[in-house]
Amino acid sequence: MKLELLSPAGNMEKLKTAVYFGANAVYLSGKSFGMRAFAGNFTNEELQEAVTFCHSKNVKCFVTVNIVAHNKDFENLPEYLQYLNKIKVDAIIVSDLGVMSYIKKYAPGVEIHISTQANVTNKHTAKLLVEMGAKRIVLARELTLTEIKEIRDYLPKEIELEAFVHGAMCISYSGRCLLSNFLTNRDGNNGECIQACRWGYTINEVNRKNELLPIEQDEKGTYILNSKDLNMLKYINELALAGVTSFKLEGRMKSPYYVATVTNAYARAIELYYKCLEENKPFNCPITLIEELEKASHRRYTTGFNFKDKQKEESECLSTSTPIQTHEFMAIVLEDNKNGEVVIEQRNKFVVGDVLEVLSPSETFNKQIKVEKLYNLNNEEVTEAKIVKQVLKLKTDVLLKQGDILRKKV
C-alpha cells in the first residue's frame, strides 16, 4: 500500500492548508461526537463542502465520531451517521463498539477506522475488530515498532494500519484520562480536555494541610505530567517496514501555520523516501527538513514508545509546558505573483527591511525575501504591516503562489 499522509483539519482554513501542503487525507469533526470540542469543527453544510473540496483534489476525508459514548449520545447519532453516509465521507473514526454498530446500520457505505482512543495494543484485539467490520486500525501510541509489525503480520493484507507520527502526546494511556473531568468538570473523553497535565503542581503532606510544597526540578519548577511531542520524521523507513501505511499528524487545535509546516515536512520526507526506494538507496532525512519542524510551535521532541531501547529516553518536559518555535507566521499569499507583485494577508507585524522566508510545497520553499516595497490596496506605500489581516501588496521577484506562507525568524 502507498504511504498516506493524514493531516488534521480543525476548520476549513486548516483543511485547505493541509491539502495544499501535501496531505493525502485529512481528519476532522462535526460539531458533535468528536474528541476536539474546542477546535473550530464543521457544521453539516461545512462537512459537505469539505468532502467535495477534498474529493476534487483526490484527497480522502475522514470524520471522527470517537467520543467515549454515553446513553444520551445515541439519541441524535442515527441522523448524523446517515448524513455522513449521504455526503460520502471516506471513513468514520470510532472508538466505541456501540457507536460502531450504529455506523454499520446507519452508514453502511462508509469505511470504519478504529480510533487510537480504543487502545488497540495487541494483534488479537485488532483481528477481532477487523472481523467486526473495521477496515483500518489506528494503533495505540504505546506500541513499539516490533509490536506494530507483529500486528501487521497477523492481519489480512488489505487491512490498513495507521499510527500517530508527530505532535502532542497525552501523558495518560492513549488519552484515557480523568484529570480534566476531576479538576474542571470538562470531559476529556468527550472532546473537552483542558490539558491539565500541562500545568505546574505542588504537593502537601497530609498532616500539614496548609503547607504547599512546590515540586522543583530547577528554579522554573517541574511539570511532572507534561509530555514531550512525538517526532518520527527521521524514521519513515522504519515505520513503513513495521507495516504503518497511514502517517497521522496530531494538531486539530493547532494553527494553520503549524499544519502547513508539519505537513510540508512530512510530505517532502515521504517523497524522498520513495525516491530512495527507486534508486535503491538508504533513506536519510535531510537536515533542512529536521530543522523545519523547529520552526513551528512544539515542545521538545521524543520518539515516544516506538523504539524499545529508547523508552528510557526522557519523555517528560520537566522544566516548562510552554511550546517553543524558531519562526513566526507573518503573512499568507492570497494571489499568485503577477508582474513582480504579490497580494498577501498579514498575520503578524513585520516592517520594510525585514527578511521573510517562504514556506511552500513548490521549489520556492525556504527562499528568502527582503521586504523592500510594500503597498496597501490604495497603492499607497507603507513601511510596516501591523494591522491584523490587512491585505497588502508586496514587491518581489520570487514566484509565490496562492496559499504560500511567509514567515520570519524570531
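Biologist: Let's start with a helix end. Which residue caps the N-terminal end of α5?
Modeller: N122 does, with a side-chain oxygen 3.0 Å from the backbone nitrogen of H124. Keep in mind that this is a predicted model, where local features need pLDDT of at least 70, side-chain atom pairs count only at pLDDT 80 or more, and totals for chains, interfaces and linings use all residues. Residues are numbered from 1 along each chain as its sequence is written, and side-chain values use heavy atoms, with hydrogens and water left out.

Biologist: Good to know. Which residues of α5 are buried?
Modeller: In α5, residues 123–131, the buried ones are A126, L129 and V130. Buried means under 20% relative accessible area and exposed over 50%, with a 1.4 Å probe and protein chains only. Down the axis of α5, those buried residues fall within an arc of 105 degrees, so they line one face of the helix. The arc is taken from the directions from the helix axis to the C-beta atoms.

Biologist: And what is exposed on the other side of α5?
Modeller: H124 and E131 are exposed there.

Biologist: What covers the buried residues of α5?
Modeller: The cover includes the helices α4 (97–106) and α6 (145–154), along with the strands β5 (111–114) and β6 (136–138). Helices here are DSSP runs of H or I with at least four residues, strands are E runs of at least two, and both are numbered from the N terminus.

Biologist: What follows α5?
Modeller: G133, whose phi is positive, near 125 degrees.

Biologist: Switching topic: how much space lies in the largest cavity?
Modeller: About 90 Å³. On a 1 Å grid over the protein atoms alone, a cavity is a set of points where a 1.4 Å probe fits but cannot get out; a pocket is an open set with protein on both sides within 12 Å along at least five of seven lines, and lining residues have an atom within 4 Å of a point.

Biologist: Which residues lie nearest the centre of that cavity?
Modeller: A140, R141, L143, F164 and N306, out of 13 lining residues.

Biologist: What about the second largest pocket, how much space is there?
Modeller: About 440 Å³. It has 17 lining residues, with K16, T17, Y20, Q402 and G403 nearest the centre.

Biologist: Which element gives the most to that lining?
Modeller: α1, with five residues.

Methods
Points joined across faces, edges and corners; volume = space filled by probe spheres on them. Contact = heavy atoms within 4.5 Å. Polar contact = N/O pair within 3.5 Å; in protein donor to acceptor, adjacent residues only side chain to side chain.
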